[in-house]
Amino acid sequence: MLVNIHKPINLLRGHPSTRLLATDLIRESAAKVLSSDLPQDSYARIRHPLHYGPDQGNEDLRAEIGRWSAERYGLKKAIPAERINITPGASYGLMNTLLLCTSPGTGYTKQAFVVSPTYFLAASVFEDAGFSGKLTAIRLSKNTIDIGSLVSHLERISASTPDVQLPCSLRPISRASVPKRIYKFVMYCVPTYANPTGETWDLETRRQVVEIARKWDMLIISDDVYDFLSNDGDTSALTPDKKLMPRLVTLDHEIGKKQGMGENGAGYTVSNCSFSKLLGPGLRCGWIESATGVLAKQMGEGGANHSGGAPSHFTSTLIYPLITSRSIDSVISNLTKTYTARSAAIIATVKTYFPEETIIYGGKGGFFIWIILPDPYDAREITKLAAKDVIVLNGDKSECPGDTLGWGDHCIRVAVSYCELDVAVEGIQKFAEAMKRWESGDRSSPAAEIGTN
């Protein structure tokens, strides 16, 4: 006897639908790359896909990423290859940056700041790096963050926590020509189409945050993974001259040049980027861009990188033809067209079925829409009640551990990236039905599944 197993609609998954993955392009690229004339020298700057990769990644790929991303951001000059380091995606980029550029265990790095609500799996990376008990939430507003709170925390912690000397163990003699660049503070943020709110920082906020970082010796790790995924017609992530909003790393580079920071200066930002959101998360390939070549080189000189070569070397050689041909742009165009339609449909359904006082953030680009339910609706309880039919992320998961701001009371995150339009609309309707059941006194609470991203 066949049993029909009911599966809830999953509006939590923060990755592209299977049909949107660049499967055909990667298949064609693999055939092309592996059948062409391949480098034979295992120590060449451009290496065979199955050799160890150069520590920072193949130079041709890094140079092409520099040209391609400069085009998309409307920069006058290509970003030099030496400022780019190939990573196995943004999650590992975050982990490696914390490992190589901070030292919370010694007390040299005093505190980490997390813009909240935050990407719900980022905090565990910070905790793995030794920042448990050293995480502070900085509240995100519509197009900005609480700058005053950030400065107040920096002043208070600096005054109350004595500086310590950088331990000799953090000054490797055998590998690097100069000591590691370790920072006293670190900050994590998603300035464009943020996870989870979908909102974008304005230009003034970006400039202020970079200036603060430079004053207080704070490294900003900026997840810039959604920058190219603006919905059709959206202008919230554009400058007045219709270019993409400059990243923090670009502003850091510009300010540094004006203030006389040479290429030996490390800067105070890294742009953490990934092909996962564009071509497919299984590729596990991304890149970090730093304000000068110092931090990118420091990433390449890390012990694991130097031992195993650039992570994702093979995958990166498959991605290279997609960038040189700019076929990756057609993939991005298809994504934005799809997400534009889904976002509009989800928002229209929320406005139709949710209470009139419901507040909606995002839906302009990226993967997510942030919904704030009005009083007296309990988002925490309703999320549990709805879980047998539809899975969303309750705001509790988007808190900074140890410094909560109450997002779980009324907030939920909905992903537009995975479910097809009709399924996503049905999921929103199912959540609205759960709200009505809750309003009528139903308090059953099946366990909710928590996926990735």
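This is a predicted model: local features need pLDDT of at least 70, side-chain atom pairs count only at pLDDT 80 or more; totals for chains, interfaces and linings use all residues.
1. Residues are numbered from 1 along each chain as its sequence is written, and side-chain values use heavy atoms, leaving out hydrogens and water.

2. Where does K134 sit? K134 belongs to the loop between α4 and β4; helices (H or I, at least four residues) and strands (E, at least two) are DSSP runs numbered from the N terminus. Leaving aside residues up to four places away in sequence, K134 touches P104, G107, T109, K110, Q111 and A112, a contact being heavy atoms within 4.5 Å. The K134 side chain also reaches the backbone oxygen of P104 at 2.9 Å.

3. Next comes strand β4 (residues 135-139). Of its 5 residues, 4 are buried, so β4 is largely enclosed by the rest of the structure. Strand β3 (residues 111-116) runs parallel to β4 and is joined to it by 5 bridges; two strands pair if DSSP finds at least two bridges between them. Look for S116 opposite R139 in β4.

4. Together, β3, helix α4 (residues 122-128) and β4 form a right-handed β-α-β unit. Right-handed here means that, with the strands pointing away from the viewer, the path from the first strand over the helix to the second runs clockwise.

5. The largest nonpolar core has 119 residues, and M218, F275, L279 and F431 have the most contacts inside it. Such a core is a set of buried Ala, Val, Leu, Ile, Met, Phe, Trp, Tyr and Cys residues joined through side-chain atoms within 4.5 Å. Helix α11 (residues 327-353) gives the largest share of this core, 8 residues. Domain 1 (9-20 + 329-439) and domain 2 (24-328) both contribute residues, so the core lies between them; the bounds come from an automatic or database domain assignment.

6. β12 pairs with strand β13 (residues 411-415) over 2 bridges, and L393 has R413 in β13 as its bridge partner.

How values were computed: Buried means under 20% relative accessible area, exposed over 50%, partly exposed in between (1.4 Å probe, protein chains only). A polar contact is a pair of N or O atoms within 3.5 Å; within protein, one must be able to donate a hydrogen and the other to accept it, and residues adjacent in sequence count only if both atoms are side-chain atoms.
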